[in-house]
Amino acid sequence: MRTAWIVLPLMIMLIAPWLPEAWACPAAIEPAPETVSVPAPTMLPVRAISLDLSELSRSPDDLDQLEQRMRHTGVNMVGLSAGRIDWTGFRWSGREERWSAAVNESGRDLLADATQRFGSWAHVSAIVDVFAPRYLQAQPTQRALDATGRPIPYQASIHALINGPFGDELIAMIDYIARHYAVDSIALTELFYYEEGYGADDLALYRQYSGQRDWPRTPRGSINVDHPTVGAWRSAMVAQFVERAARVVHAHGKQLFVDVRVDWEAPQYEGRRSGHDYALLLQYADRLVLWNYFGLSNASPAYTRDIARYVQRYGTERIIISYGLWADHGTVVDALDLRRAMIAGQKANLPNAWITPVSLMEEEHWQVLTSVWRRASPPILATTPPQPAPGH
């Protein structure tokens, strides 16, 4: 037996160079970006579902039924909306004017209640939305501008995120959740820049980063938002904020997840046009959640396979594919298409799946999850000891 353990690795080393590249996408022939080392898989495949504030504010009886359905289906990770810095799903001490209507009307701390409910049997991730329309309405100078100079009402400028009070407020929110709530991770969503972030303060950051005097321009004189230096700058700025958030989250023993876009033309482009350089972000974030929203992108569910094969280089433990149920014209992704996409991800050896949002799920979608996941698996238990929420 001992001899077999010695001979087997030697045989693998000898035949490895001739193994077929069946799991490599065409882009894999390009040099892989530098990544950090990833430990061998130690966790069960992620089977996540996200709940927004409207779901969290449902009656206890409704939540009981939903919880029972989730557990029966095999869910082992639950994403809970924590809201935005200007519309929270929790009772943020000292920021009472920012509590959401659902919190004020119910008198409940929705995040605390849901964490207690789901945290006993699943990994709980608090989802922090970076958009802040109410905050920016009161602070219009912090709004992002598009390439034509028009303000974006819901998104802060890159300068406000990196060097301004908006970024400080967002970090304060992240710190408060990580410090006071028994969540296992915090997930940042809507943290992207593409058509946004071209104000004078943003230009100063770009000049400092690139050494250029002005934005790159098209032949007609408009800002070239697709120029490689602009994409690299956006990625560097987003990663700079993620690094700051990671320090706060990790200081409290929690993990940091970051939602990222994918490129629907070629996966090797990643989400760099939106400031999402996967390798750069994974220097600080524990996991990336890829927006596989094929229903909104006129893409085939089978494209999931190409995405999954490309991100293999980053380690399967560190990537979760988010299967959005939104489709064009306000419709919902067909359950059969969801099944095709999830199976494509599994066949490409990326089983980690995050279904969003639960509010769009029909009976057929639940049946797909049960079928694809085959049977309910033991939960990933919360790694954070229960803590009372502030004021409880």
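This is a predicted model: local features need pLDDT of at least 70, side-chain atom pairs count only at pLDDT 80 or more; totals for chains, interfaces and linings use all residues.

**Strand S2 and its surroundings**

Let me begin with the hairpin, in which 2 residues connect S2 to S3; helices (H or I, at least four residues) and strands (E, at least two) are DSSP runs, numbered from the N terminus. Residues are numbered from 1 along each chain as its sequence is written, and side-chain values use heavy atoms, with hydrogens and water left out.

What does S2 pair with, if two strands pair when DSSP finds at least two bridges between them? S2 and strand S3 (residues 87-88) run antiparallel and are joined by 2 bridges, with Gly 83 opposite Thr 88. Strand S1 (residues 47-51) runs parallel to S2 and is joined to it by 4 bridges, and there Ile 49 has Val 78 as its bridge partner. Strand S4 (residues 123-129) is also parallel to S2, with 6 bridges between them, and Val 78 faces Val 124 in S4. Because 7 of the 8 residues of S2 (residues 77-84) are buried, the strand is largely enclosed by the rest of the structure; buried means under 20% relative accessible area, with a 1.4 Å probe and protein chains only.

The largest pocket has a volume of about 920 Å³, where a pocket is an open set of points on a 1 Å grid over the protein atoms alone, at which a 1.4 Å probe fits, with protein on both sides within 12 Å along at least five of seven lines, and lining residues have an atom within 4 Å of a point. Of its 37 lining residues, the closest to the centre are Thr 189, Glu 190, Asp 259, Trp 291 and Tyr 293.

Turning to the aromatic rings, a search of the whole structure finds 19 aromatic pairs, counting rings of Phe, Tyr and Trp (its six-membered ring) whose centres lie within 6.5 Å, with planes over 60 degrees apart called edge-to-face. One of them is the edge-to-face pair of Trp 215 and Trp 233, at 5.4 Å centre to centre and 65 degrees between the planes, and both of these residues, Trp 215 and Trp 233, are buried. Ring pairs also link Phe 131, Tyr 154, Phe 192, Trp 291, Tyr 293 and Trp 326 into a cluster.

Technical notes:
Buried means under 20% relative accessible area, exposed over 50%, partly exposed in between (1.4 Å probe, protein chains only). Two strands pair if DSSP finds at least two bridges between them. Grid points are joined across faces, edges and corners, and a volume is the space filled by probe spheres set on the points. Rings of Phe, Tyr and Trp (its six-membered ring) pair if their centres lie within 6.5 Å; planes under 30 degrees apart count as stacked, over 60 as edge-to-face and the rest as tilted.
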